[in-house]
Amino acid sequence: MCANKEYRSVLGLVSAEDLINKSKFIAHTKHVTSEEEASNFISEMKEKYKDATHNVSAYIINGAIPIKRYDEDGEPQGSSARPILGVMEMEGLSNIVCVVTRYFGGIKLGVGGLVRAYSGAFKKSIEDQIYDYGSFLKYRLRFPYSELDKIKNHLSHTVYDLDNLEYMENISADIYIKEEDSKELLETLKNLANRELEYEFVDEDICAHIDKRIVK
């Protein structure tokens, strides 16, 4: 689990493409949780686009002291990966890696043009794709079938919902709750179920969310 439980990143893998003065720039940006995962993704992209002119990369990994790395893969110093890292820092992102692939089109862009092209491709890939990540407590609930509608109706007026429902002798389901809401919500659900609802703490997970509503 990350040292810092609250951060901002993308959800999964996102991408974007730009054509600038006949050079093609392809950005692939991914949510990762370790330096090893970031390095593996960079290697994967370099292998996939091994015929490209450049595959520049940058990443920030969450921690008490964030890990920040970049590789300009033969482009002029400060013209490609460093500006991408700068955008990550400016946007307050972490647990994120980006590889921007360039296919040279025959027209030189100059350092300023490269800065705009590489950082622009990264910005395009994350546009409307940034989410908050935070800590949620996972509980396993068990309750009679007769209480399901009441529980679901109550949850429909909150940011929380049931997950992984199993229909056996009783209903079992998971629910992810922010710690500050957990005690009150669990007690409310138990009262709604005529005290026939049981719950047990399972784990603490880091999840993407919008105002506490988990995004999958």
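Phenylalanine 41 is found in helix α1, residues 35-48. Helices here are DSSP runs of H or I with at least four residues, strands are runs of E with at least two, and both are numbered from the N terminus. This is a predicted model, in which local features need pLDDT of at least 70, side-chain atom pairs count only at pLDDT 80 or more, and totals for chains, interfaces and linings use all residues. Residues are numbered from 1 along each chain as its sequence is written, and side-chain values use heavy atoms, with hydrogens and water left out.

At 3% relative accessibility, phenylalanine 41 counts as buried. Buried means under 20% relative accessible area, exposed means over 50%, and partly exposed lies in between, for a 1.4 Å probe and protein chains only. Leaving aside neighbours within four places in sequence, phenylalanine 41 is in contact with Leu13, His28, Lys30, Val97 and Val99. Contact means heavy atoms within 4.5 Å. Serine 57 is 16 residues from phenylalanine 41 along the chain, and their C-alpha atoms are separated by 9.9 Å.

Now turn to helix α2. Its residues Ala81, Pro83, Ile84, Leu85, Val87 and Met88 are buried. The cover over the buried residues of α2 includes β4, β5, β6 and α3. After α2 comes glycine 92, with a positive phi near 70°.

The axes of α2 (residues 81-90) and α3 (residues 110-126) come within 8 Å and cross at roughly 45°. That makes α2 oblique to α3. Axes are lines fitted to C-alpha atoms, for helices over the stretch in contact, and angles run from 0 to 180 degrees between N-to-C directions. Angles under 35 degrees count as roughly parallel, over 145 as roughly antiparallel, 65 to 115 as roughly perpendicular, and the rest as oblique. From α2, Pro83, Ile84, Val87 and Met88 make the contact; from α3, Val115, Tyr118, Ser119, Phe122 and Lys123 do.

Some of these residues return in the largest nonpolar core. A nonpolar core is a set of buried Ala, Val, Leu, Ile, Met, Phe, Trp, Tyr and Cys residues joined through side-chain atoms within 4.5 Å. This core has 23 residues, of which Phe25, Ile84, Met88, Cys98, Val100, Tyr118 and Phe122 touch the most other members. Two or more residues come from each of β3 (23-31), β4 (54-61), α2, β6 (96-103) and α3. The largest share, six residues, comes from α3. Not counting residues up to four places away in sequence, valine 100 touches Phe25, Ile26, Ala27, His54, Asn55, Val56, Ile84, Tyr118 and Ala121. A second, separate core of 21 residues includes Tyr139, Leu155, Ala173 and Leu185.

Next comes strand β7, residues 130-143, which holds lysine 138. Lysine 138 is buried, with a relative accessible area of 17%. Beyond four places in sequence, lysine 138 is in contact with Asp174, Ile175, Tyr176, Glu200, Phe201, Val202, Asp203 and Asp205.

Helix α5, residues 179-192, contains glutamate 184. At 63% relative accessibility, glutamate 184 counts as exposed. Glutamate 184 and serine 57 are 127 residues apart in sequence, and 45 Å apart from C-alpha to C-alpha.

Two loops remain. Arginine 195 is in the loop between α5 and β10. Arginine 195 has a positive phi of about 65°, although it is not a glycine. Its relative accessible area of 45% makes arginine 195 partly exposed. Aspartate 211 is in the loop between β10 and β11. Aspartate 211 is not a glycine, yet its phi is positive, about 50°. With a relative accessible area of 64%, aspartate 211 is exposed.
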